Amino acid sequence: MLRKILALLLASLAIPAFARTWNAKTDWGATGNGTTNDSPAIQRGVAAMAAGDTVVFPSPGTYYLASTVLFSTGVRVKCQAGASLVGPNKGTDIFANIQSNTAIGGSATTGCIFNGGGIQAYGNGGDGGQTLRQALTNLTFTYNTFENMTYGPNEFRSDGGIFIGGGSNNVVIRHNTFSNIIPYNDGYNSAGKTYNDKYDPDGDSARAAIWFYGGSNYSVDHNTFLHDYQNIKACQGQQFQAQNMLIHHNFSDSHHRMFMEINTGNGCGNATYNAGIANYQVYDNFDQNAGGPFPYALTFGLSSPMASAIQPGQTTPSVIPMSGVVWYNNLLKGVKNTQQYTGIGIEVGAENMNIYNNTVMGQWGNAGYGFVGTAGGYIQDNYGCMIITPSGPSNTAFADANGRTTVTYRRNRNAGSCPPGLASLAVSLGTVSNASGTLTATATVTTVEYGMQGVVFAIDGHYVSAVMGGGPYVLKYGAAGLSSGSHAVTATVVDAVGVLALSGKQSVSTTAGVGPTGPIGPNVNPSSQDFDIAGNANDPINGAVSTRLAGRRVTDH
């Protein structure tokens, strides 16, 4: 399904036969000197582009845009390595009115840097009740950097990295970095007598690195979020049921409020339409230092309270139609904090959902709960622990917390205090034996996480053999190709989000030319495997940038 979606999107973005490639300096007269206002030159150039054209911003180049550049057709925007588009950091966008069939970035060598201003695409559906015909379609934003947007007071449409409003369909946001997107003083007001009085000075209107209204067919994956107010914010207020909302393999360090919040129309002030989502998957995300230096009170790592709403023609709430809601293998780690009611957790309300195999190491007791009114489904096989134990609960809980549901909670582990240093993954390696040139050893993984990608064995610092999946992790390797003498063997475990843990060394002696050569089944050659990682970093074992879709390996060049 995911490969089909991506294939359709790429096909729709095929370059027309007579499309032109423009150079922002030589064709448009932009200076890129960092001080001259290049907005007029770039605006004239963009206005001259035809559908499917490409513009390249050459490097070296710092293109200062004092005013927002508006688009009128679907185009491609690329930057040479190091080229940056700089806004005034006054709550305005660098690019706006982005149209359907637009791609910005594209690869590790053509991504753009947006500093002091983001990008905005807006369909015709307003803030709620969008129809599919009003939606923008086929948008790809890949390998870009969005940074240093700190203007306040808050205007959420233009204070973030990417804002997509008015409805959108077929959107890929991948391999981007969102850094320092925190309007107004870290989103925290030092005034107030108690911690909960230290409110956000311009209210709770969520500022976010990524914000979209009425989206369908989204993949937000392999992005890195660094010290942002909130990473992902969305409102499902469209008239039609959204399809295929996929949030996966993203990495966050020190967000203030939420890692992800996707709400109903009701939750965003659009009470008329709450059509729900079919196939809503959130998996393999890594939320580190959640809350940052000033954790938001009553925050969540992952939040999506889509349980019930008053639908058109009704006077009482009914269950929002949801299906295929599956969240798993997410790793959430908070920060040490002495204030009660601050922390992270999972808040979800979705019909017949399955929330499983998540690890929550948080500052408060609500590790995970179904939102009031949730009909059916499971929160099961999750792990929770407390970073501190203030005057409130001494242990975590996966249970109803703000009202009754019919969710089934089972086999969740509530471990009390978290391990020192929030250690969640370790591996040890037993004695390595050599039987006629066949090396064997057992690696033992100790973890509170779920979804191990596998264990990789190294000899003298070189990865040579791997056991993929959940184990058992037994080295079987033919040593004929090794030189005679003593060798050091280690094991490295790779968890679901790409975190590594390394064992101590074991020694073994071999004789050159004796025995088989290379990995012996079920061991495999690690260089032929795809070890994925949350965020936009490379494969931690092989170094290649790759994205797994529907179990297949798709390598980005």
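Visitor: Are cysteine 79 and cysteine 112 buried or exposed?

Guide: Both cysteine 79 and cysteine 112 are buried (under 20% relative accessible area, with exposed meaning over 50% and partly exposed in between, for a 1.4 Å probe and protein chains only). The model is predicted, so local features need pLDDT of at least 70 and side-chain atom pairs pLDDT 80 or more, while totals for chains, interfaces and linings use all residues. Residues are numbered from 1 along each chain as its sequence is written, and side-chain values use heavy atoms, without hydrogens and water.

Visitor: How many disulfides does a search of the whole structure find, and what is the geometry of the one between cysteine 79 and cysteine 112?

Guide: A disulfide is a covalent bond between two cysteine sulfur atoms, assigned here when the sulfurs lie within 2.5 Å. The search of the whole structure finds 2 disulfides. In the one formed by cysteine 79 and cysteine 112, the sulfur atoms are 2.1 Å apart, and the torsion about the S-S bond is about 95°, so this disulfide is right-handed. Cysteine 79 belongs to strand E6 (residues 76-79), whereas cysteine 112 sits in the loop between strand E9 (102-105) and strand E10 (113-115), so the pair ties together parts 33 residues apart in sequence; strands are DSSP runs of at least two residues and helices (H or I) of at least four, numbered from the N terminus.

Visitor: Where in the chain are cysteine 385 and cysteine 418, which a disulfide joins?

Guide: Cysteine 385 and cysteine 418 are joined with an S to S distance of 2.0 Å, and with 95° about the S-S bond their link is right-handed. Cysteine 385 lies in strand E36 (residues 383-386) and cysteine 418 in the loop between strand E39 (413-417) and strand E40 (425-429), 33 residues apart. Cysteine 385 counts as buried at 0% relative accessibility, and cysteine 418 counts as buried at 12%.

Visitor: How many aromatic pairs does the search find?

Guide: An aromatic pair is described by the distance between ring centres and the angle between planes; rings of Phe, Tyr and Trp (its six-membered ring) pair if their centres lie within 6.5 Å, and planes under 30 degrees apart count as stacked, over 60 as edge-to-face and the rest as tilted. The search finds 17 aromatic pairs. The rings of phenylalanine 146 and phenylalanine 178 have centres 5.1 Å apart and planes at 10°, so they are stacked. Phenylalanine 146 is in strand E13 (residues 145-149) and phenylalanine 178 in strand E16 (residues 177-181), 32 residues apart, and both phenylalanine 146 and phenylalanine 178 are buried.
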